[in-house]
Amino acid sequence: MAKVSIAVPAYHGEAGMVRLLESIRKQDYKDYEVVITDDSEDDRVGRLAEGQENIRYFKNKVRLGASANWNQAMRRCSGEYIKIMHHDDWFTAPDSLGEFVRMMEEHPEADLVFSGTRQVGQETEYERFTTPEDAEQIRQDYRNLYLGNTIGAPSAVMHRQGVGEYDEALTWLVDLEFYMNVLKKNPHFAYTEKPLVSIGISEAQLTERCIGNREINITEYGYIYRKYGLEGEKKYKGKLMRVLMDYDAAYGEALEYGITKAEYLAGKAGKLAGKVKWKLGIRS
């Protein structure tokens, strides 16, 4: 049994899969298995996996969809540590996987560790990482992740076997909710600012399709708001209000989440004032 299971929930993306598998082969740390669960309609990903050392490949009989396939990949894992990697992401350097394992070994109290990432697109490249201030906010209260996902993409994390699954009711905020769920049960974590993983950015990504989607954003922020009992906290209500205002939600939509008429009207007025300030060049 391998120490680490690298879970790869695949859906087409053969070029990315080739790059990912090559980055895995280059890892200095070798005590791993690769578990691929394939949601594709064809067998091209399967052909890439044929004859590859340490790879266990499973073709889904029916397409599961994104978050369900993530869970399927994790259920197939046998390792003590699970390192999910999406097919359009890859390990930045040969010591990346070993660094994740080192964090797990040095922090036995933690169920979750994560790293910085290098965001790579056709015309852009930049690094993203959790700052000490971000980490302190999470340590104070895991629910502060609702204000902004400062941990990052699923490929930036490693966790212990059995910490939970992704909520299949979600599409866009599924990783955010997963982190909140893990940290709710065990608030300890470890991280590094080093970009151990590179994230491939493209218009084909699920993220790109969800960013501006009104229904997904309102529904999913509202869902997590209720699931984690955030109604009584002003800062979390403020976050939900900003989402509702960003998408010009009607009062009836806001009312579903316990937002009063006065709060709704104040939010509308604040958004209008913000627009006026922006047009006048006022930033404060």
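How many residues does helix α1 have, and how far does the helix reach from its first C-alpha to its last? Helix α1 (residues 14-25) has twelve residues and reaches 16 Å, close to the 16 Å expected at 1.5 Å a residue; that expected span is 1.5 Å times one less than the number of residues. Helices here are DSSP runs (H or I, at least four residues), as are strands (E, at least two), numbered from the N terminus.

A quick word on the model: it is predicted, so local features need pLDDT of at least 70 and side-chain atom pairs count only at pLDDT 80 or more, while totals for chains, interfaces and linings use all residues. Residues are numbered from 1 along each chain as its sequence is written, and side-chain values use heavy atoms, with hydrogens and water left out.

Back to α1. Its buried residues (under 20% relative accessible area with a 1.4 Å probe, protein chains only; exposed is over 50%, partly exposed in between) are Glu14, Gly16, Met17, Leu20, Leu21, Ser23 and Ile24. Their cover includes β1 (4-10), β2 (32-38), α2 (44-49), β3 (55-59) and β5 (89-91).

Now the rings. Phe, Tyr and Trp rings (the six-membered one for Trp) pair if their centres lie within 6.5 Å; planes under 30 degrees apart are stacked, over 60 edge-to-face, the rest tilted.

| Pair | Centre to centre | Angle between planes | Type |
|---|---|---|---|
| Trp70 and Tyr166 | 4.9 Å | 85° | edge-to-face |
| Tyr142 and Tyr228 | 6.2 Å | 70° | edge-to-face |

Trp70 sits in helix α3 (residues 66-75) and Tyr166 in the loop between β8 (157-160) and α6 (174-185), so their pair ties together parts 96 residues apart in sequence. Tyr142, in the loop between α5 (132-140) and β8, and Tyr228, in the loop between α8 (214-227) and α9 (234-246), are 86 residues apart. Trp70 and Tyr166 are both buried, and so are Tyr142 and Tyr228. Trp70 and Tyr166 also belong to one aromatic cluster with Phe178 and Tyr179.

Finally, the cores: sets of buried Ala, Val, Leu, Ile, Met, Phe, Trp, Tyr and Cys residues joined through side-chain atoms within 4.5 Å. The largest has 48 residues, among which Tyr146, Ile151 and Leu244 touch the most other members. Helix α6 supplies the largest share of this core, seven residues. A second, separate core of 28 residues includes Val8, Met17, Tyr81 and Ile199.

Key: Contact = heavy atoms within 4.5 Å.
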